[in-house]
Amino acid sequence: MTTPPATRLDAYIEAARNTAISRRLELDAIKKCRFDTIAVHGLYSMREALDFNQGAIIEPLYMCSSQAYRDADEMAAALTYQIPTWCYARIANPSLYYFENTLALLEGYGLDGETSCCATSSGMAAIACATDPFLAVDPKRPNQRINFVSTCQVYGGTFQQFAIRKAAERGIECRFVINSADLDEWKSKIDENTRFVYGEMPSNPGQAFFDLDAVIDLAHAVEVPVIIDNTVGTPVLLRPIVHGADIVVQSVTKTLTSSGFGIAGAVISRKNIVSRFGSDEMLSDFAMYLKTLPNRDNGQNLSPMNAILSLNDMRTLRSKVDLFSRNTMRVARFLEDHPKVERVDYLGLESHPLHALAKQYLFLVDAVYDAQYGTPVNRYGHLMSFRVAGGEGPTRRMFDALERIWRATDLGRVKSVATIPAISTHQQQGEEGREMADIPPNLVRLCVGGEHPDDVKADLDQALGAIDGKVQTQVPAAFSVGGASRASLENDS
Ligand SMILES: *Cc1c(COP(=O)(O)O)cnc(C)c1O
């Protein structure tokens, strides 16, 4: 027989231990399930519903800022993290907890080990949260001129965060790898002052791709952590942590939540990441460290509403990414044969120079257990780009003529969306930056959604046909949408 706890504080700690044990058992049980089952249930078991959530079969939205405590002992134990707590929603909230654990399990699917996740207010916040702790001053070497190494073909916002916010404003050297398929270039840029290596694959919009295993080996050989933006691949096609990467960042906004309801991000990490810089606490469980310390103090966390919307969208992730990928392949093949199209970049096409490499990495998760496939199946996602023959003018005319495909700076939607990166997502990085990342003015990024691909092809065909037609010049007399414009911002200030 166990002795009863000596004090009220001990009783709380013991109750917390019992909860932790039963949650641990639930975690072990769900980890034995397939990807789809994890995406549907996560940690939200029937027991979790009955014990803590009034039996609600769907994870409740805890639209709530903080938690009440029974007494001073419980409050003290909670705020020193001796017992689990939803103390204050900037730090912890049950809706976020269910979302974070599901995503941690999906990014860690197939890993012999554990992952954890810290949700953030956006993908850009996730990138800042994942990288900034590695860029702190080393008290033992206060004058060290530190650097980090990144693929130059990154999302436009990432390029700005690295080149302006970190390099220009803070004096941290950002070393862009121009040709990420060239391992010697990676090697030449990593040195004893390198704090992390960062890569986006497949990149948005260029679909750059590199030999992830080899880059991880290079970085880990000199104890440098590897951070990967897995927004475009999603854990359905690629799980960088399973390959050995230390940290994954996600713009949850995109493919993970194809509905487009809101902005969200996440940092997912393995336990005991490789890094010669950083405290034991930071390295042993990086995402949990972020959650309980830097993010508590900096406050870039997600709202419970967006966590629940994101969680709900992720339940069918595998079948969605499969559908979107198959549709994209058909649209890419159609564009490849179109006379008004100069070039199509899609990793799934044999003509793409990185196709063979991508084929080694991008697989539809669990295809072997799928009654429809029963064997490993390559899928290449739903991001592609194409270049319109004749340059910028014809590109804009084609773009303006689209009727079904939405003109927007967005990707990962269940609706097909197109953008011209040079005038939108990658406008800020300037001509030189765009040249380095190979983003010419006639490049169109296209993300194919869940429509029937024949209808997407028909829209592209008529829009490409409109290049030689009459130019429409009608603009609205007044703008029906508000928001930030340079004119309105100037009026405001
Ligand atoms: C959109 C995007 C981001 C930024 O995410 P937000 O949620 O918009 O902040 C980062 N990386 C990639 C690859 C993206 O497409």
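Before going on, some ground rules. This is a predicted model, in which local features need pLDDT of at least 70 and side-chain atom pairs count only at pLDDT 80 or more, while totals for chains, interfaces and linings use all residues. Residues are numbered from 1 along each chain as its sequence is written, and side-chain values use heavy atoms, with hydrogens and water left out.

Now the sheet of 7 strands. This sheet is open, with mixed pairing, and the order is β1-β7-β6-β5-β4-β2-β3. Two strands pair here if DSSP finds at least two bridges between them. The edges are β1 (115-120) and β3 (173-177), each pairing on one side only. On average, neighbouring strands are turned by 20 degrees against each other, direction ignored. Angles come from axes, which are lines fitted to C-alpha atoms, for helices over the stretch in contact; they run from 0 to 180 degrees between N-to-C directions.

As a general point, strands of a sheet pair through backbone hydrogen bonds, either parallel or antiparallel. Strands β6 (residues 247-251) and β7 (residues 265-270) run antiparallel and are joined by 5 bridges. In that pair, Val249 stands opposite Val267.

What packs on this sheet? Helix α7 (residues 156-170) does, touching β2 (147-151), β3 and β4, and its direction makes about 150 degrees with that of β3. Contact means heavy atoms within 4.5 Å. Helix α6 (residues 123-131) lies across β1, β4 (194-200), β5 (226-229), β6 and β7, at about 160 degrees to β6.

Which residues come nearest to the ligand? Of the 15 around it, they are Gly123, Asp229, Ser251, Thr253 and Lys254. A residue is counted as near if one of its heavy atoms lies within 4 Å. The shell divides into 6 nonpolar, 6 polar and 3 charged residues.

For polar contacts, the cut-off is a pair of N or O atoms within 3.5 Å. Thr253 has a polar side-chain atom 2.6 Å from an oxygen atom of the ligand. For Ser251 the corresponding distance to a ligand oxygen is 2.8 Å. In Lys254, an N or O atom of the side chain is 2.8 Å from an oxygen atom of the ligand. The protein covers 94% of the 380 Å² of accessible area that the ligand has on its own, by the Shrake-Rupley method with a 1.4 Å probe.

Next, the loop between β4 and α9 (212-221), where Pro202 is placed. The peptide bond from Met201 to Pro202 is cis, with omega near -15 degrees. Pro205 is found in the loop between β4 and α9 too, and a cis peptide bond with omega about 5 degrees joins Asn204 to Pro205.

Last, the sheet of 5 strands. It is open and mixed, in the order β8-β9-β12-β11-β10, with β8 (341-345) and β10 (406-407) at the edges. Over 2 bridges, β10 pairs with β11 (residues 417-419) in the parallel sense, and Trp406 stands opposite Val417. Helix α16 (residues 317-336) lies across β8, β9 (383-388) and β12 (443-447), at about 15 degrees to β9. Helix α18 (residues 392-400) lies across β9, β10, β11 and β12, at about 125 degrees to β9.

Note on methods
Helices (H or I, at least four residues) and strands (E, at least two) are DSSP runs, numbered from the N terminus. A polar contact is a pair of N or O atoms within 3.5 Å; within protein, one must be able to donate a hydrogen and the other to accept it, and residues adjacent in sequence count only if both atoms are side-chain atoms. Ala, Val, Leu, Ile, Met, Phe, Trp, Tyr, Cys and Pro count as nonpolar, Asp, Glu, Lys and Arg as charged, and the others, Gly among them, as polar.
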